[in-house]
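Reader: I am new to reading protein models. Could you show me how to read one, feature by feature?

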Amino acid sequence: MNKKYFWSLLTFMMVAMFSFSFASCGSDDDDDSSNGILVGEWQECEADGVFRNDATDYEVMHMRLRADGTGDWWSVSKGKEDSHKYSFNYSGSINGTSGTITTTITSSTNSSEIGQSASQRVTYENGILHAGEIYYKKK
């Protein structure tokens, strides 16, 4: 596994964990808006929030985070979805704009990754999620 891919995977897993933490902090109302600000589909962006162009750029990370603590990760290179994908479970805690996220891979096109867990510090500010070396913005 190459270093960029490993850090991308770790980053994605951490982002997913961060999302779950926000989802848990909502009120106990039946209002769907309390599902958390990070639940949804995210795409890799620059630090200033400008999306990377997955039609022309190489390896643009995408992720989908669900309120039930599950998520998916994939990348798109020059307009085509890459063959490597995985799903994961996540959990975490947030204090202000930063926190720690832990993820566990539940399915992957690379079977040796299944069951791997990782924890990472993340930050969320002005709609931009920063985990490791990657920035994400909700689509």
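Reader: Which residue forms a salt bridge with Arg52, and how far apart are the closest N and O atoms?

Author: First, the general idea. A salt bridge is a side-chain nitrogen of Lys or Arg within 4 Å of a carboxyl oxygen of Asp or Glu. Here, Glu44 pairs with Arg52, and their closest N and O atoms lie 3.0 Å apart. Keep in mind that this is a predicted model: local features need pLDDT of at least 70, side-chain atom pairs count only at pLDDT 80 or more, and totals for chains, interfaces and linings use all residues. Residues are numbered from 1 along each chain as its sequence is written, and side-chain values use heavy atoms, with hydrogens and water left out.

Reader: Is Glu44 buried or exposed?

Author: Start with the cut-offs. Buried means under 20% relative accessible area, exposed over 50%, and partly exposed in between (1.4 Å probe, protein chains only). Glu44 has 10%, so it is buried. Arg52 has 15%, so it counts as buried too.

Reader: How many salt bridges does the structure hold?

Author: Seven. One of them joins Glu41 and Arg64, with the closest N and O atoms 3.4 Å apart. This pair links distant parts of the chain: Glu41 sits in strand β1 (residues 40-45), Arg64 in strand β2 (residues 60-65), 23 residues apart. Strands (E, at least two residues) and helices (H or I, at least four) are DSSP runs, numbered from the N terminus. Glu41 is partly exposed at 28%. Arg64 is partly exposed at 32%.

Reader: Which residues are linked with Glu41 in a network of salt bridges?

Author: Arg64, Arg66, Asp72 and Lys139.

Reader: What is a nonpolar core, and which residues touch the most other members here?

Author: A nonpolar core is a set of buried Ala, Val, Leu, Ile, Met, Phe, Trp, Tyr and Cys residues joined through side-chain atoms within 4.5 Å. The largest one has 14 residues. Trp42, Met63, Leu65, Trp73, Phe88, Leu129 and Tyr136 touch the most other members. Two or more residues come from each of β2, β4 (80-95) and β8 (134-138).

Reader: Now backbone angles. What is the phi of Glu59?

Author: Near 55 degrees, a positive value in a residue other than glycine. Glu59 lies in the loop between β1 and β2. With 8% relative accessibility, Glu59 is buried.

Reader: And where is Lys78?

Author: In the loop between β3 (70-77) and β4. The phi of Lys78 is positive, near 50 degrees. Lys78 has 56% relative accessibility, so it counts as exposed.
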